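Work through the exercises below with the sequence and coordinates at hand. Each task is followed by a worked solution.

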Amino acid sequence: MVSSSVLGFPRIGGNREIKKAVEAYWGGKISAEDLTKAAFDVRKTSWSTVKAKGVDFVPSGEFSLYDHVLDHSAAFNVIPSRYTGHNLSPLDVYFAMGRGRQADGVDVPASEMKKWFDSNYHFVVPEFSDATDFKLLFNKALEEYKEAKEAGVTTRPVVLGPVSFLVLGKPSKSAKPGFEPISLLPKLLPVYKTLLADLKAAGVEWVQIDEPILVLDKASTFEQAYATAYAELAPVAPKILLATYFGRLDSNLGFVSKLPVAGLHIDLDRAPGQLDDVIAALKPTNVVLSLGLVSGRNIWKTDFEAAIKLAQKAIDALGQDRVIIATSSSLLHTPVTLESEKKLTAEQKDWFSFALEKAAEVATIAAVLSGSQDASVKAALEANKVSIAKRRAFEQNSDDSVRKRVAAITPDMFERASPFAVRQAVQAKHLNLPKFPTTTIGSFPQTKEIRQARAKLGKGEITQDEYDEFIKKEIETVVRFQEKVGLDLLVHGEPERNDMVQYFGEQLNGFVFTQNAWVQSYGSRYVRPPIIVSDVSRSGPMTVRWSSYAQSLTKRPMKGMLTGPVTILNWSFPRADVSRELQSKQLALALRDEVVDLEKAGISAIQVDEPAIREGLPLRRADWDGYLKWAVDSFKLSTAGVTDQLQTHSHFCYSDFDDIFPSIQRLDADVISIEASKSDMKLLTTFKQYGYSNQIGPGVYDIHSPRVPSEQEIKDRVADMLAILPDSLLFINPDCGLKTRGWKETEAALINVVAAARWARQTY
Ligand code: GLN
Ligand code: ZN
């Protein structure tokens, strides 16, 4: 028999119960017991609904109130000393690590968060040093296994693997120079042994140990660590299913296939090409192969026929009993269930499959492969065939004119008419900005009033006209404020935007929106990514009226504000039938039209934000060049349709550019603003080393905190910057948009920014 499995389920609850409960707990509105109860209810529903779909291996232990890596750190006593000694309960220590705590005399910042591989989920980075004292404070895997069992579901516990746990972490501030977390492996393994032996003693048959690090280039340097770890763990543990996901094993397969584990899971959604090699490597062993055929990263229905064909290869080589049909990764990155969507058309609904539907998919595929003659299985297979055929037909005819337009792109469309030096002179005359111009990154505080107005419009409590009037007033307030404070290059403040991607998605052809398709981004922050379902085009101007209205209010230049093609793509659920490159180029052409229209409407500077270019970088270095080529080309395509006098800007939130610098240069934006306020001046030194010659606005202060920087601090930063950069290239601005800030600190900070710029003009 072929069995089926799910590697992990969304833990937010079908109606965002966990967000609500966790935030109520933080706000002192419910007790720790209430929170525990809410969490149990969500877990119980997940186990029973997944099981009801017919899944053989139901996961447990992957649930989290905040983040699963944080759970692991807290359970293993990897708790930085700044969080201890405050007399907090373990639960409050846990939340303090995740989000900081500022109450009752305790004032500790949150731990660092990092992106979970190439997903939009963020994990809390563990901090290690020689002083780390691993202890099993809590066996979460065991507790939740027992809970599930009592609730009538036998589960396969999920545990983050020891090598990935260490490698995902970082040396703590107090660690000795040169300290590597992996050096702690010998100290860590005894704790894992206890954890796993306890599972075995409780009757657990299989445990899923996640080692996603294995799909990265750097995994090869941990070959010995893996060998040691699994040689020690396997004898005391239940049967181990070693789970890899988000990419391919490649050369790491050589040592992975020798590890003493009972099962190996591979991602065939991201890396179907690895199947033959993995089958060949496992054939002489009796290791079970778990095939990640149902995507844990997208929302599309699985093509059963294609999946069955791949799986059949594994069955032919290994036999039915050694094959599991699984989700490619945890379903954490997908919304809970399609059942909650009441507004999608029947045609659209038929294209998708969310977490619960994916659970049914693995079960059906496994049943078909096991030769089930069950009528409902046959019907599901037939229905899938019909859905997939309909979707394919839709894809073919989606929008021919858009595809023709992409095919007709010529190389000159990526380049501005003149080189930067020529443009800079033309723009200087046209914009007439002072030396060291001051500007902001786009958004101003998104106040409660703004959100309320949007909610009222959504509920029909105010008319579109009333809403538009409200937005105009907001824009006017922001313009007058900037004039008063003395900023040079103004923005309209983005009050009309619910979100920098959704706002554009809603106006472009080719997207659909859901009502309830939330996925966790970090902690209690969930996002609802738009879905790209067909060829993307612009049906008309999207921002022109707001930008020109803003410009009409002032003599100072107004900066138009758009989200770039790569960022829109990365923060949406993309299509699976065409490449990301094609989708990005289609978006770029739509934005190109908008940029041209903005210039025609009298706007003389336009910012196209691309914070996601860096984060979209593939996991394997061998794939970088291909990605960077089309990503940078897309940005250029969207911005190069204008005359020399139009000043293009771009903004990046993460300033980790060292390894992709030539691509930043190739963007050829007239001005880029970057987050530099947190990092030292190293970044600017890199710009200098590479001879970067366009203009730069390194953030002069950190907007992610309500703290107001003093005038002197900003002056010092500007001075540091001018020690590295030529005078003619420097813009002065905060390091990101101000939407999460309050007005009070925004005003105080910007007054100091302008004062520092005035000082610099006199001093340099
Ligand atoms: N223009 C956007 C803003 O100011 C940029 C946000 C971002 O880069 N994340 O909000
Ligand atoms: Zn930013």
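**Exercise 1.** Does Asn733 count as buried or exposed? Describe its surroundings as well.

Solution. The model is a predicted one.
Step 1: locate the residue. Asn733 sits in the loop that runs between α27 (711–722) and α28 (743–763).
Step 2: count neighbours. There are 27 C-beta neighbours inside 10 Å of Asn733. A residue is buried when 20 or more other C-beta atoms lie within 10 Å of its own. Asn733 therefore counts as buried.
Step 3: list the contacts, leaving out residues up to four places away in sequence. Asn733 touches Thr438, Thr439, Thr440 and Ile441, and also Ser673, Gly697, Gly699 and Val700.
Step 4: take one distance. Asp593 is 140 residues from Asn733 along the chain, and their C-alpha atoms are separated by 28 Å.

**Exercise 2.** In which strand is His649 found, and which residues does His649 touch?

Solution. 
Step 1: His649 belongs to strand β21, residues 647–652.
Step 2: with 26 other C-beta atoms within 10 Å, His649 is buried.
Step 3: apart from residues up to four places away in sequence, the contacts of His649 are Lys559, Ala605, Ile606, Gln607, Ala669, Asp670, Val671, Ile672 and Ser673. Ser673 is also among the residues that Asn733 touches.

**Exercise 3.** How many residues surround ligand 1, and which are the closest?

Solution. 
Step 1: the shell around ligand 1 has 13 residues.
Step 2: the closest are Ile441, Gly442, Ser443, Pro611 and Gly737. Ile441 is also one of the contacts of Asn733.
Step 3: sorted by class, the shell of ligand 1 has 6 nonpolar, 4 polar and 3 charged residues.

**Exercise 4.** Examine the positive phi values of Phe117 and Asn432.

Solution. 
Step 1: Phe117 is not a glycine, yet its phi is positive, at about 50 degrees. For Asn432, also a residue other than glycine, phi is near 55 degrees.
Step 2: Phe117 lies in the loop between β5 (113–115) and β6 (122–124). Asn432 lies in the loop between α16 (420–431) and α17 (448–459).
Step 3: Phe117 has 17 C-beta neighbours inside 10 Å, so it counts as partly exposed. Asn432 has 12 other C-beta atoms within 10 Å, and is therefore exposed.

**Exercise 5.** At what angle do helices α7 and α8 pack, and which residues meet?

Solution. 
Step 1: α7 (residues 185–201) and α8 (residues 223–233) pack at about 30 degrees, their axes 10 Å apart. The crossing is right-handed.
Step 2: from α7, the residues in the contact are Leu185, Leu189, Tyr192, Lys193 and Leu196. They meet Ala225, Thr228, Ala229, Glu232 and Leu233 of α8.
Step 3: by class, this contact has 7 nonpolar, 1 polar and 2 charged residues.

**Exercise 6.** What radius of gyration does the protein chain have? Relate it to the rest of the fold.

Solution. 
Step 1: for 764 residues, a compact globule would have a radius of gyration near 27 Å; the protein chain has 27 Å, so the value agrees.
Step 2: along the principal axes, its C-alpha atoms fill a box of roughly 75 × 65 × 50 Å.
Step 3: the protein chain has 28 helices and 23 strands, and 49% of its 764 residues count as buried.
Step 4: of the contacts between residues at least 6 apart in sequence, 78% join residues at least 24 apart.

How values were computed
Residues numbered from 1 in each chain as written. Chains lettered and ligands numbered in written order. Predicted model: local features only at pLDDT ≥ 70, side-chain atom pairs only at ≥ 80, totals over all residues. Axes fitted to C-alpha atoms, helices over the stretch in contact; angles between N-to-C directions. Helix = DSSP H or I, 4+ residues; strand = E, 2+ residues; numbered from the N terminus. Left-handed = near helix turned anticlockwise from the far one by under 90°. Contact = placed C-beta atoms within 7 Å. Nonpolar A, V, L, I, M, F, W, Y, C, P; charged D, E, K, R; others polar. Near = placed C-beta within 6 Å. Rg over C-alpha atoms; globule rule 2.2 N^0.38 Å.
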